[in-house]
Structure formats: structure tokens, C-alpha cells
Amino acid sequence: MAKREVRFFNKTGPCNPDDHYMLPPEDRLVGAQLRRYIRDKLYWVLHAPRQTGKTTFLHSWMRQINKEGKAVACYVSVEACQGIESIEDGMMTICNAIQFYATAFDLPVPAADDSTGPLSDLSVMVSNWAKLVAPKPLILLFDEVDVLQGPPLISFLRLLRSGFASRGVGRFPESIALVGIHDAKDYVTDGKGDVEANWPPFNIKADSVILSNFSKEDMAKLFAQRTAETGQQITPEALEYAYELSQGQPWIVNSLFGRAVMRVLHEDNYETVTVEHLKEARAQMLEARETHLDALGVRLRDQRIKRVIQSIITGDTDPTLGRMDPDVELAIDLGLIGWDKENGFKIANPLYEELLTRYLNSGYHDSLPPPSSWKWQKPDGTLDMDSLLSEFQRFWRRHSDIWEQKADYTEAFPHLLLMAFLQRITNGEGYIDREYAAGRGRLDLSIEYRGQRFIIEIKLVHYYETSDEVREEGLEQIRAYRDKFTPAPPAYLLIFDRRPEAKQRPWSDRLSRTQEDDLTILTL
């Protein structure tokens, strides 16, 4: 049985099945029938967000097929084609990739044929490769297909389509997988500028499958392998925390556990992993701005992604945002957001929520006055939330108009600035948990600091509603949110009036603080 690498336990290098704790890849392939693809000579597509284990799966499955000896399989990444616009250069690059990976995996290497055009060169090479490995069938696993664009993409898909009818031993690969973050239906859409972009050159695919995240049970099985080898345990609470934080996203699981067992505890310390160890690992991950997290952050400047993410942060209802919307599909393909019947669109997991917030409000966070200039701490060192929010109101009065003019996510500006304000206090000594989703009409925050907990709800008053309506709705919502906690923490409702006429009123009328039973209401 092929196994899936878990990199946080990596000992000697990637893709070595003897050096990692793994799970069978078939367990995470939703809708896949791997053996049938080979038996019935099928072409198929595997798609999932980046850093979810696609490449690892392909390597492990290739090894399994070759070990069984009934076929010859080869993994080929076409990532080197990124940015290539000409057919000739694109096809030549794919030919070079085929020879490189065949050599790397100690497989028969097909010879190049420069006597024909670039497209024919690739077609001839693949056909010759099938002859070279006969009497065994040839199976090709093409990774990073998304990087192909325009004419090279269309030409590559047409080549596969042309060879499909003659596929078979000694003629053409019997089974081919195209792997990337997009489904095949999106490949042609990405063929920008091609006059026949609506023609389906890969309508020969038999299946389109996705690679799912880890389940909580998967994570338990992975750590159980660690326990069997080293004796190191993980508490049930820590496992639950890891799952809630990551939602099973493989890269987060790898990094979170890896930092906990290798850096927080150090690799020769086999103490039981607790929630506190994982919280420290989480803080390290965000502070380090690891490549995968940074790459996701950069995506937030894309106007297509901004349209989706801003709606989720503010909780606004946007009827133009549907799962068939290209911008939404892109955000889902990148692994940034998800959708379910209960919550609608939301950020994929709590760690991404924190990452995206920190990326978007880093300028605010870094430009705020030092907390030492604020009144926010009681004599015993505990957090004085009343005084801290008074400081925020004062800062909002002095700077919000100017800062908002420079904001990128203008609709989410109040949310991002308040969270930056709170982050300056909690950094290193507390945590902020966020609950937001498109259509909720609010952002809920849970702030934990030195054993204290506070909750804050952010509401906006829009041009189509009154402040009283928003206030009453907010009170009902924050009471429901507070009911999730035992004991009930101090609760604050912050209402930002975004109506143009509100900004014309003097600040003395715009800022207020009132009490509703045990709830504190601040207007800005």
C-alpha cells in the first residue's frame, strides 16, 4: 500500500517513503478509483489547493505502480513552463522535463526528435516512450499543469486528445493524470487570447477528483505513528485544538506538529504535546511568515481575491458572489475560502483567518503608537478592556479619516484597524480568535489575555439601514455569541456608522459609550 509523506517528521529528505509517517493516499482522494484509471486506460484530473499533498501523492503512487511491475509510471512536473507564451518553447520545455524526470527516477529515457515541429516533437517523444517501455503500458502523471497558459496550454491538451484514440502498449500512454489547483474545465478558460478558447481540448477526461484535507481521525493516526516510534504522546485537547486551527489542511498540520515536536519541545524532548505547545507553534508560524503563508498573503492584493475576502471580513451579503463566480472559484482553488450550508462563504481555517488579517493590517499594526502610551492595563497587570477601547475611540477620532484614505480594503477598514489595535496588546501574551463569514453581517472576536477573556462584535451601519436597527440586531447577535462561553465573558458591541451623513456630524455626536444590561455599546 502506497503511503503519504508527512513532512514534519521528515528525516532525510522529501518523498522517501521510509523516512516519514504516512497515510494511504487513496483515503484522501475524493471520488477517485485509482486502479480503474489504469485498468480501463483512462485520462483524469486531480485538483486541490497548493500545499495539500498532490505532489507527494503522485510520487508515492508512481513508486507503487513501478514496484508492482505491471506498468511503467513517471511523474513529470511542467512547472518550468511558467511564463512561456510560445508553443515552440513550451513543447521543448515539456520534452526536457520528461527526459529529466525519467532520468531522475531511473526509468527508460525517450530520445528527442528535432526533425519535426515542436508539437510533433513532443508527440513523437511520448509515442516513442510508450514503445520503449513495451510490453508494459506507460502511465504519465503531469504535475503543475496550471502554469501552462495560452497557446502552449491549448496545444498540450490537443496533443493528449489526439493521442487518446490510439493509446495502448507501444503506441501512446494508456493513462494520464493532469494535476494542479484547477479542474480541467478551467484550463481552457486560462488559455488566454486563444481564438478557440471555448473548444474543449480535454473533453476526454474520465474523472475529476480532489484531494481532501485530513480528518481528525487521520491526524490521530499520524501522531500515533510518532508515538509508536518515539513514545511521544499528544493530549486529546491538543489534537482537538490542532484540528480546529487547521481544519485538517495538510501544510498547516505538518508545520504545526513539526514546530511543536522539533522547536517548541526540541527534537530530543519527547514530552507529551499539549495545547500550550501548539499555541507557541502557531505563534512561531505566523511570526516566521513561512513561504506558503506569505504566498497566500500576496494573493490578497489581487482585485479578484479582494472582492471575495472583503465581503467575508465585513460579513456583507453580496448576491453576485456565488460558487460559479470566477473570482470565488479562484479563491476556493487557492484554498483561501470554503463554503458550507451552515456558514456560507468563510475563510478556510482559523490560522488563515489570522494570517490574512495580519497581512492586511500589518501597516496599521506597525504604525500605531507604542502601547506604553495608552491606558490599557490595570495595576495587577490584567487587561483593562474599557480603557483600551476608550483609547481606540480616541485614536479613531484623530486618525481614521486620514488612514482610511490610504486603505486598500476600505469597507473592512474599521475591522482591520481595531484588530491591529488589539494585536499590539496581545502579541506574545494572548490570542485573538475571529469568526467571520459572508452574509453574517458582523465580525465576532474572542480575546484571550493572561487567563482573561473578552468578546467583541463589530457591526457597520450602511446607507440602507438605521443605527437603531443595527444596534438591536447587534445586541441579539452578541448575546448569542456570548452564550458559547462559560462563564460568560465581558462583551462589547462596536458600531461603526459608515453612512455619508454620519461623517458630517461633529465627533461629539459620533462617539458614544452606553450600557445595555451587562453589555457595553460603543459607537464610532
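Trainee: What percentage of the residues in the chain is buried?
Mentor: Buried residues account for 56% of the 524 in the chain. Keep in mind that this is a predicted model.

Trainee: How many helices and strands does the chain have?
Mentor: There are 18 helices and 14 strands.

Trainee: And what does the pLDDT average over the chain?
Mentor: The average is 86, and 89% of the residues score at least 70.

Trainee: Switching topic: which residues of α12 and α13 meet?
Mentor: On the α12 side you have Arg304, Ile305, Arg307 and Val308, and they meet Asp327, Val328, Leu330 and Ala331 of α13. Five of the residues in this contact are nonpolar, three are charged and none is polar.

Trainee: At what angle do those two helices pack?
Mentor: Helix α12, residues 303-314, and helix α13, residues 326-333, pack at about 85°, and their axes are 9 Å apart. An angle from 65 to 115 degrees counts as roughly perpendicular, so α12 is roughly perpendicular to α13.

Trainee: Now leucine 222. Is that one buried or exposed?
Mentor: Leucine 222 is buried, because its relative accessible area is 0% and the cut-off for buried is under 20%. You'll find leucine 222 in helix α7, which covers residues 216-230.

Trainee: How far is the C-alpha atom of leucine 222 from that of methionine 22?
Mentor: Those two C-alpha atoms are separated by 6.6 Å, although the residues are 200 apart along the chain.

Trainee: What about leucine 211, where does that lie?
Mentor: Leucine 211 belongs to strand β6, residues 205-211. Leucine 211 is buried too, with a relative accessible area of 6%. Its C-alpha atom is 4.7 Å from the one in leucine 29, a residue 182 places away along the chain.

Trainee: Last one: how much accessible surface does the chain have?
Mentor: About 23200 Å², with 49% of that belonging to carbon and sulfur atoms.

Terms used:
Residues are numbered from 1 along each chain as its sequence is written. This is a predicted model: local features need pLDDT of at least 70, side-chain atom pairs count only at pLDDT 80 or more; totals for chains, interfaces and linings use all residues. Side-chain values use heavy atoms; hydrogens and water are left out. Helices (H or I, at least four residues) and strands (E, at least two) are DSSP runs, numbered from the N terminus. Buried means under 20% relative accessible area, exposed over 50%, partly exposed in between (1.4 Å probe, protein chains only). Accessible areas come from the Shrake-Rupley method with a 1.4 Å probe; for residues, only the protein chains shown count as cover. pLDDT is the predictor's confidence in each residue, from 0 to 100. Axes are lines fitted to C-alpha atoms, for helices over the stretch in contact, and angles run from 0 to 180 degrees between N-to-C directions. Angles under 35 degrees count as roughly parallel, over 145 as roughly antiparallel, 65 to 115 as roughly perpendicular and the rest as oblique. Contact means heavy atoms within 4.5 Å. Ala, Val, Leu, Ile, Met, Phe, Trp, Tyr, Cys and Pro count as nonpolar, Asp, Glu, Lys and Arg as charged, and the others, Gly among them, as polar.
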